[in-house]
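User: I am new to reading protein models. Can we go through this one step by step?

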Amino acid sequence: MKKFVALLLLITSASSYFAQSLQFYTGKRDFLPIEILMEDGTTKTGFAQDFMLPDVATFSFLTKSSEKSANLNRKEVKFKSLKSDATVQLISVSDIKSLIYTNEDTQEKFQLDKRIVKEIDNNMELEPEGRVLMLPLMEKGKINLYGYRSMFCKADFGNNFAAGSNANNDDCQLQHVMIYLSKPDDKFAVAPVDYNKITPLDLFNMKSLYKKFYKAYEIVGADCPEFLTKVDEARKNEYFSNKTFKENKKANEAARKEEIAGKKGAAAAKINMKYKTDLYINMYKKLLRDYDSSCQ
């Protein structure tokens, strides 16, 4: 029983710490500035509708796929050259390589790359088919890190939970995070663990889930023997573990408390979310840095 409680704590802690990027709202969305990199090498510049601002994907039902809620499996993009154009062009995702859009408030640019996402099955093998998704790029490198966080947010009306929300961290609860690994020029990406599919039985066999984390890095970094040695060392040292989370959290706790001092409500929640985000992302970055330093 003690072991079960520890495993449950790990899942709960992971869900609390994991954070990435995507935000969408119900209702009609504005056309946002965008560059569309096409598969034929050309670029379209204009405005696209139904786009997610980079913060969080919210959804109403815990059992609903966050990938679908965040519209990562979109089949087409609504596009027009000028915001004032009356005609909307539908561009098929099959013709698109990447989407680069701009937040008009901050002028930050955010990128989504098309990938065939494949999961690792219980035999530690990569599934043959996969699914086509537009993945949010979190960090560029020799191995790119893609991902987003899924939030369950209280709507701006009443006490009901719904997809329509301003995604204020003070009103949102982090549910799960999906992470994907892919080389910049690869057509596919590996999803180490699909949190949509985790069952209560998985809590009794967490080591099997951890094996998928290491296997994902081995698949993406298979071209570099030196890196594979680093992955094997991480496996032997049980790098992906609740112990590592706790150690990393403790190391940053003083800085978090200093930054949050005197702040309350949404301001404090935003700072907490920042540290939770960094905590989780840095877990994945460790092996990415190992690849960068070990491989040409």
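Analyst: Start with a term. A residue is buried when its relative accessible area is under 20%. Keep in mind that this is a predicted model.

User: What percentage of the 296 residues count as buried?

Analyst: The cut-off is under 20% relative accessible area. Apply that to the 296 residues of the protein, and the buried share is 46%.

User: How many helices and strands does the protein have?

Analyst: Both kinds of element are present. The count is six helices and 11 strands.

User: Which residues have the most contacts inside the largest nonpolar core?

Analyst: That core has 58 residues.

User: How are helices α3 and α4 arranged, roughly parallel or roughly antiparallel?

Analyst: Helix α3 covers residues 206–220 and helix α4 covers residues 225–236. They pack at about 175 degrees, with axes 10 Å apart. Angles over 145 degrees count as roughly antiparallel. Therefore α3 and α4 are roughly antiparallel.

User: Which residues of α3 make that contact?

Analyst: Two sides meet here. From α4 come Phe-227, Leu-228, Val-231, Ala-234 and Arg-235. From α3 come Tyr-214, Tyr-217 and Glu-218.

User: Where does helix α6 bend?

Analyst: Helix α6 runs over residues 265–294. Its first and last C-alpha atoms are 44 Å apart, close to the 44 Å expected for its 30 residues. The helix still bends by about 30 degrees, and the place is Lys-285.

Methods: Residues are numbered from 1 along each chain as its sequence is written. This is a predicted model: local features need pLDDT of at least 70, side-chain atom pairs count only at pLDDT 80 or more; totals for chains, interfaces and linings use all residues. Side-chain values use heavy atoms; hydrogens and water are left out. A nonpolar core is a set of buried Ala, Val, Leu, Ile, Met, Phe, Trp, Tyr and Cys residues joined through side-chain atoms within 4.5 Å. Buried means under 20% relative accessible area, exposed over 50%, partly exposed in between (1.4 Å probe, protein chains only). Helices (H or I, at least four residues) and strands (E, at least two) are DSSP runs, numbered from the N terminus. The expected span of a helix is 1.5 Å times one less than its number of residues. The bend at a residue is the angle between axes fitted to the seven residues ending there and the seven starting there. Axes are lines fitted to C-alpha atoms, for helices over the stretch in contact, and angles run from 0 to 180 degrees between N-to-C directions. Angles under 35 degrees count as roughly parallel, over 145 as roughly antiparallel, 65 to 115 as roughly perpendicular and the rest as oblique. Contact means heavy atoms within 4.5 Å.
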